[in-house]
Amino acid sequence: MQRYQAGDADAFRQLYALVMPKMLGYLGKLTKSRAAADDLLQQTFLKIHRARGAYVAGADPLPWFYSIAHRTFLDEARKNQRAIVRTAGDDVPEVPAGITGESADRSDAPGADPELARAALDALGELPPQQREAVVLTKLEGKSVAEAATIAGTTVGAMKVRAHRGYEALRKLLTSAKKESVA
Amino acid sequence: MSAEQSLDALAAMPDPAASPIGALLEAELGSLAPVTARRPYRQLGMFVVASLVYAALLLGALSPRADLGELPPMWLMGAGAAWFSGFGLATYFALVPKAGAMTPRWRAAIATTTITAVAFVVLGLGVHPDGAHSLHYGMPHLLRGHGCLWLGLATSLAPVVLGAVFLRGAVPVFSRWVAAAIGAAGGCLGGLLLHMHCRIADGPHIGIIHGGGVVVAAGLAALLVPRATDRPYRS
């Protein structure tokens with residue numbers, strides 16, 4: 001980051017290669033679409049680039065990157081007046097390709113059941129943006145509630161409430177989806 | 001199919017395939033200029049010194065309060081220290097992040113802003129010693145003392161502008177709260193200047209006009225400063 005601040009473009013490329021998969025995965029879980037996640041990723045890095053002077057030497061920049069991604073996602077969701085970039089009916093047939101960038105049925109990650117992942121992603125897409133983000137940060141990105149609150153710019157209490165409500169809503173959505181599939 | 005299992009499956013999905021750097025970002029990288037890293041403690045020092053010099057110049061252009069020698073020295077020093085502490089604490093929390101972090105301590109900034117705003121109004125209403133040369137407008141003529149509000153806001157101008165410059169890009173979220181803390185710091189500096197200059201010594205004037213200056217400065221800063229600090233984050 002310091003080399004990048006000093007004007008070394010290669011340092012930025014290294015940083016991008018290092019952080020991009022994590023950020024893209026995060027944005028993919030929020031948007032449910034690879035194309036939308038890619039677009040938000042580019043916006044996020046452009047903002048990081050323009051605000052690089054704000055970096056404090058020796059600090060961990062990752063929470064700052066997440067905060068910028070968070071803000072970019074919410075700004076975009078508000079701008080478009082829609083929380084979910086729906087893929088249903090359009091020409092992106094492979095879900096959760098939005099997250100992985102590859103077909104789910106080609107995924108060979110241990111423990112990655114494409115059907116379950118698809119169901120979780122669909123249910124996440126039904127949540128309001130703030131609850132969705134709380135669930136993604138705390139349950140999928142492995143952030144503590146305090147870290148998630150810092151990233152989202154809210155209190156620990158509010159983040160707990162959002163994550164809990166989001167998780168409960170997700171549970172109900174998945175249960176009803178299961179009943180529908182059985183019926 | 002439990003929610004936990006589904007989330008676990010989603011979390012276990014592999015990392016996404018690489019996404020190349022976009023054309024716009026590549027273009028900006030083509031003309032990459034070096035930038036200076038933010039140094040919070042250095043900024044804090046510059047902020048405090050520049051703000052105090054500005055306030056001292058303003059006070060020099062005005063006159064010290066006529067009843068200065070008639071007031072209890074302990075109250076004079078205590079109230080001055082309180083105004084200065086409000087200024088220093090709000091500035092510190094708004095500018096200096098925790099070790100290893102990048103973003104300011106916004107929760108502490110919120111707490112400081114709220115406490116200073118409320119405390120100075122309440123203390124001003126409740127504790128207001130006077131001397132033979134003090135003036136008393138009282139509640140019926142409260143608005144006659146509106147000049148103090150403008151003077152307090154004028155004093156807060158330099159800290160607020162400096163804060164907007166120093167925090168550019170540093171607060172991607174909760175920027176309004178951090179801006180409010182910068183405004184509260186400016187309002188406290190205004191209160192300190194008024195404490196040394198204004199001889200109106202009734203409770204409503206000190207509480208509502210002097211203390212209210214902190215509230216107004218914090219509100220105005222919350223409204224205006226993010227326009228500057230959030231500039232790099234606009235799409």
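This briefing describes salt bridges in a predicted model. The structure holds 11 salt bridges over all chains, a salt bridge being a side-chain nitrogen of Lys or Arg within 4 Å of a carboxyl oxygen of Asp or Glu. Local features need pLDDT of at least 70 and side-chain atom pairs count only at pLDDT 80 or more, while totals for chains, interfaces and linings use all residues. Residues are numbered from 1 along each chain as its sequence is written, chains are lettered from A in the order in which they are written, and side-chain values use heavy atoms, with hydrogens and water left out.

**Arg13(A) and Glu26(B)**
- A salt bridge joins Arg13(A) to Glu26(B), with the closest N and O atoms 2.9 Å apart.
- The pair crosses between chains, from helix α2 (residues 9-31) of chain A to helix α2 (residues 23-30) of chain B; helices are DSSP runs (H or I, at least four residues), numbered from the N terminus.
- Arg13(A) is partly exposed at 31% relative accessibility, and Glu26(B) is partly exposed at 30% (buried means under 20% relative accessible area, exposed over 50%, partly exposed in between, with a 1.4 Å probe and protein chains only).

**The network around Arg71(A)**
- Arg71(A), Asp75(A), Arg78(A) and Asp230(B) are linked in a network of salt bridges.
- Within helix α4 (residues 62-80) of chain A, Arg71(A) and Asp75(A) lie 4 residues apart, about one turn of the helix; their closest N and O atoms are 3.4 Å apart.
- Arg71(A) is buried at 16% relative accessibility, whereas Asp75(A) is partly exposed at 23%.
- Arg71(A) also forms a salt bridge with Asp230(B) (3.0 Å, N to O).
- Asp230(B) lies in the segment after α8 (203-229) of chain B and Arg71(A) in helix α4 of chain A, so this pair joins two chains.
- Asp230(B), like Arg71(A), is buried.
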